[in-house]
Amino acid sequence: MSRGERKGGALAAAQLLPPTAGEALPQGRPRRRVLLPLPLAGAYDYRVPEDLDPPELGAFVQVPLGGRETIGVVWDGDADPNLPERRLKNITAVLDVPPMTATLRKFVDWVAAYTVSPPGAVLRMAMSSPSALEPPAAKAGWRLSAAGRAVLARGGKVTPTRMRVLEALEGELSQGDANEAHLATTIASAAGVSSGVLRGMAEAGLLEPALIARAAEFPVPDLRKQGPALAEDQQVAGAALRQAVATRGFGVTLLQGVTGSGKTEVYLEAVAECLAQGRQALVLLPEIALSAQWLERFEARFGCPPALWHSELGSRRRRDTWRGVAEGRVQALVGARSALFLPFPDLGLVVVDEEHETSFKQEEGVIYSARDMAVVRARLNEAACVLVSATPSLETLNNAETGRYASLNLPVRHGGATLPKVSTIDQRVTPPERGRFLSPPLVQAVRDAIGRGEQAMLFLNRRGYAPLTLCRTCGHRMRCPNCTAWLVEHRIQRRLQCHHCGHAEPIPPTCPECGAEGSLTPLGPGVERVQEEASELFPDVRRLVMASDTLPGPAAAAEAARAIQAREVDLIIGTQIVAKGWHFPHLTLVGVVDADLGLAGGDLRAAERTVQLLHQVAGRAGRAEAPGQVMLQSWNPEHPVMQALISGDLEGFMAAEADQRRPGHWPPFGRLAALIVSGEDERETDAIARDLGLEAPGGEGVEVLGPAPAPLALLRGRHRRRLLIKVRRDVAVQPILREWLSRVRVPASVKVQVDVDPVSFL
């Protein structure tokens, strides 16, 4: 950190001033650079006091900051020897926790540099469980007293019940340490007694209280356990992945395969090899809260579940898991994108399942792509990386085609199942009945499938009952007061809700604009409206809605999967949640209510995302013996996306997409970065966006678009303007961004976010 940067860090108590001319530099205690989990420009210098041993690099330390104490990490680099001793603050304490590894520190610095973010903001993601830095909690328990041990040694007179307790503590529970304390519930269960027996033994002096140092247990995967029999092509792919892991070096492999081809079982072979090497394995899933079936497969393969990491874990479990990872007790972990920042001491494998999913991109705070950063984490750890998808992103396909990534392909479904037949329903020819959204051919197909004892699915990637509520009298549209977005009706809860900021309000009885009673009308369908229509068309059919509103967490998702597999459900109605990795062997029909939905707007990747999503949804059909059928309701069945899905020629479609992007240097043949300017005052926001536009960089291979209002020009009460910079593939965009931002003074009331490699243009 430069002297000038320190001068600007006025909020930090560790701020240091250069010595005045002629001032002597005393030879004091050792100094350390400490990075704090705050959006500051860099690390600050602290002094090691005499009563502390100098902490090693990566040590977690407590330091003063302003009027409080905070925790940071001893960071790489030498402290500035020119800073006067009298200005230095002391490190207060060194925490008893494994130090942050050199590879994780490098990863934090790399992510910060790539995303143009303060290193401290990235460090905060690697310290996401503050309680894990505290000493492990201790609980009160019981252990054998001297009197109890004497009874066992000399065969003293006690009741048979009490003897069972003494023998359990010395034998079954001791594991070689008869002095170890145990919880009362554990002792009572092992000896088959009540807690009252233990209290009586304590009063008699046979047991004594003691604290139990709490350390969560994580089961060890059984590597001797055999997985399911693999087909020949799966065996070849599995052997290649095992070899990639066994080299204990960095490499990226794309594992591509049609839906139902057994990609999960194949990459679990790589997990098995990683664990056999004594290293740790990380699997990233796009919807960790909906991973019930994946966890079942892992447990069937290794005899125990993996450790979990996602936002819905309680603080205690997060603390235990963070500690377990840092101490090497967690061997295999499956998690959401934030799991990339866990403190693995010896990470040997990173798997990104459904690598094409946009949910791997974090859009708030430090904006990063977990898929891309997974490759970086693997490289820094000399680990293997496997990217898995039936519909890989164009970026990943290009890397495989140019030889940067190895490539494996599973072209057929496992177990003799065949890919479903895909057809379109031209809604210009056979539209739904007036006031309905399911066309007659799709309605009949659902009846036929259920009549055969099979299951059907209706897919619509839109939550709620209706995306827009309009007044029939004056045309007023119900919109969010905080966002440039219409309020979505949720009829079950009888409310209108914004899906961007969470604002909700009751459905008013009159139009707020003209006062007309009963004039508010829902327009367009959401899954709730499809469910309502299905209840009228198929009154005796057992239905289940699968959306983020109806499946709030892992338990609800697991129960939904169980009900479907147990054939307690005939018709599934769902949003994009149903597209992600589910295996329902009795599901044979998938009907897409609005196949054109994702093609609207000017998003660069609209066609690519739509073909990926619909292909994944289609892949839920016919995964067992019975053949599958997919019907796409479309107003434009001639569109290349629909034709690619019908023909199954996704490779040709992606090649055509690449041909369209290559001449203009659009990703993956060029780089994009966005600046999002936001503020509560619209004029001030416009002024900063204009200043950035006037200072926009130029030169060969560099093009700047904007500023312009974002499609969501108002979000959570903040006005938003966007600028987009496009550069050739061989041009590094980060130095350009840093130079550009340095030219414009941005007040604290305005925020400028940097989004390198944007996937959303809202």
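**Entry 1: strand S27**

I began with Val592 and looked up its bridge partner in S27, which is Leu632. Strands here are DSSP runs of E with at least two residues, helices are runs of H or I with at least four, and both are numbered from the N terminus. The model is predicted, so I kept in mind that local features need pLDDT of at least 70, side-chain atom pairs count only at pLDDT 80 or more, and totals for chains, interfaces and linings use all residues. Residues are numbered from 1 along each chain as its sequence is written, and side-chain values use heavy atoms, leaving out hydrogens and water.

Next I checked strand S26 (residues 587-592), which runs parallel to S27 and is joined to it by four bridges. Two strands pair if DSSP finds at least two bridges between them. I then turned to strand S17 (residues 421-426), which pairs with S27 in the parallel sense over six bridges. Leu632 came up again, as the partner of Thr424.

**Entry 2: helices H2 and H3**

I looked up how helix H2 (residues 102-115) packs on helix H3 (residues 119-126): the angle is about 130 degrees and the axes are 8 Å apart. Axes are lines fitted to C-alpha atoms over the stretch in contact, with angles from 0 to 180 degrees between N-to-C directions. That makes H2 oblique to H3, a class left over once angles under 35 (roughly parallel), over 145 (roughly antiparallel) and 65 to 115 degrees (roughly perpendicular) are set aside.

I noted the contact (heavy atoms within 4.5 Å) as Val108, Asp109, Val111 and Ala112 of H2 with Pro119, Val122, Leu123 and Ala126 of H3.
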